[in-house]
Amino acid sequence: MIYIVEDDASIRELEQYALETNGFPAQGFADGASFRKALREKVPELVILDVMLPDEDGYQILGRLRENAATRTVPVIMVTAKTSEIDVVKGLDHGADDYLCKPFGIMEFISRVKAVLRRSAAAAPAGTATLRFGAIVLDDMSRTVTVNDEPVELTFKEYSLLHYFLEHPGEVLSRERIMKAVWDTDDLLESRTIDMHVRTLRQKLGEAGEVICTVRKVGYKLSARGAEEGEDV
């Protein structure tokens with residue numbers, strides 16, 4: 001079941017129709033209150049969440065989802081009419097797994113939904129249960145991340161991105177490889193998404209985030225030398 005939280009009835013009905021005709025059961029809500037009521041009865045596989053709602057904004061709702069143990073890992077696609085980068089980053093900072101800016105096409109909408117559900121349903125990556133790099137420790141068994149033994153709350157996408165970096169320490173990872181491994185797409189038009197997620201990931205990791213280095217015109221690498229590598233970080 002996919003929940004749609006959107007106060008514009010025409011948009012909500014269009015999204016629900018598009019999902020259901022593509023085989024995804026969906027239920028729509030016009031405000032946060034009705035959404036929360038339904039959430040107590042059933043936790044969805046995915047939430048399509050509008051930013052501007054009549055009773056509260058989507059960022060507040062998203063924050064509560066991430067604070068609740070029962071909904072912490074539920075993937076969320078934010079939908080916003082705001083197109084500035086700061087608005088997108090704000091959504092990602094609050095724990096969104098993806099975003100769509102209005103207006104958007106139905107094909108793009110369904111494609112994003114499929115991609116997020118595919119990533120969410122994927123099994124935990126194979127290999128060592130615990131990955132370490134400097135002060136960063138990622139435990140796959142508990143799906144937790146700590147820095148200097150302090151817990152760090154990451155979104156599903158941020159966790160997957162960090163996991164990929166930790167699996168390839170010291171290796172230059174092109175944007176193409178990252179898009180394929182983490183976003184399951186070859187569409188480099190979405191490469192800006194990588195940069196925004198890396199930015200929020202660095203911020204959440206604090207000083208430890210400096211090990212994620214930008215390699216100009218290529219991508220990123222995990223390096224203990226950080227900025228000393230002479231790359232643009």
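Reader: How many helices and strands are there in the protein?
Author: Keep in mind that this is a predicted model. The chain has 233 residues, and buried residues make up 48% of them. Its secondary structure consists of eight helices and twelve strands.

Reader: What share of the contacts with a separation of 6 or more comes from residues 24 or more positions apart?
Author: Look at pairs with heavy atoms within 4.5 Å. Take those with a separation of 6 or more; the part from residues 24 or more positions apart is 55%.

Reader: How much of the accessible surface belongs to carbon and sulfur atoms?
Author: Start with the total. The accessible surface of the protein is about 11,400 Å². The part belonging to carbon and sulfur atoms is 51%.

Reader: Is Asp50 buried or exposed?
Author: The cut-off for buried is under 20% relative accessible area. Lys102 has 21%, so Lys102 counts as partly exposed. Asp50 has 4%, which makes Asp50 buried.

Reader: Which residues are linked with Asp50 in a network of salt bridges?
Author: Lys102 has already come up as a partner of Asp50. The network also takes in Glu6. The residues linked with Asp50 are Glu6 and Lys102.

Reader: Where do Asp98 and Arg112 lie?
Author: Asp98 and Arg112 form a salt bridge, with their closest N and O atoms 3.1 Å apart. The two are 14 residues apart in sequence, so their bridge ties together two elements. Both residues are buried. Asp98 lies in strand β5, and Arg112 in helix α5.

Reader: Which helices does the pair Glu158 and Lys204 link?
Author: The closest N and O atoms of this salt bridge are 2.8 Å apart. Glu158 is buried at 0% relative accessible area, whereas Lys204 is partly exposed at 25%. The two residues are 46 residues apart, in distant parts of the chain. The helices are α6 (residues 156-167) and α8 (residues 191-205).

Reader: How far apart are the end C-alpha atoms of α6?
Author: First work out what to expect. At 1.5 Å a residue, the twelve residues of α6 should span 16 Å. The model agrees with this, its end C-alpha atoms being 17 Å apart.

Reader: Why is α6 largely enclosed by the rest of the structure?
Author: Check its residues one by one. Phe156, Tyr159 and Leu162 are among the buried ones. α6 is largely enclosed because the buried residues number ten of the twelve.

Reader: What is the order of the three strands in the open sheet?
Author: β10 (173-174) and β11 (212-215) each pair on one side only. Two bridges join β10 to β12 (residues 219-222), and Leu173 stands opposite Tyr220 in β12. The pairing is antiparallel, and the order is β10-β12-β11.

Reader: At what angle does α6 run to β12?
Author: α6 lies across β10, β11 and β12. Compare its direction with that of β12: the angle is about 65°.

Note on methods
Residues are numbered from 1 along each chain as its sequence is written. This is a predicted model: local features need pLDDT of at least 70, side-chain atom pairs count only at pLDDT 80 or more; totals for chains, interfaces and linings use all residues. Side-chain values use heavy atoms; hydrogens and water are left out. A salt bridge is a side-chain nitrogen of Lys or Arg within 4 Å of a carboxyl oxygen of Asp or Glu. Buried means under 20% relative accessible area, exposed over 50%, partly exposed in between (1.4 Å probe, protein chains only). Helices (H or I, at least four residues) and strands (E, at least two) are DSSP runs, numbered from the N terminus. The expected span of a helix is 1.5 Å times one less than its number of residues. Two strands pair if DSSP finds at least two bridges between them. Axes are lines fitted to C-alpha atoms, for helices over the stretch in contact, and angles run from 0 to 180 degrees between N-to-C directions. Accessible areas come from the Shrake-Rupley method with a 1.4 Å probe; for residues, only the protein chains shown count as cover.
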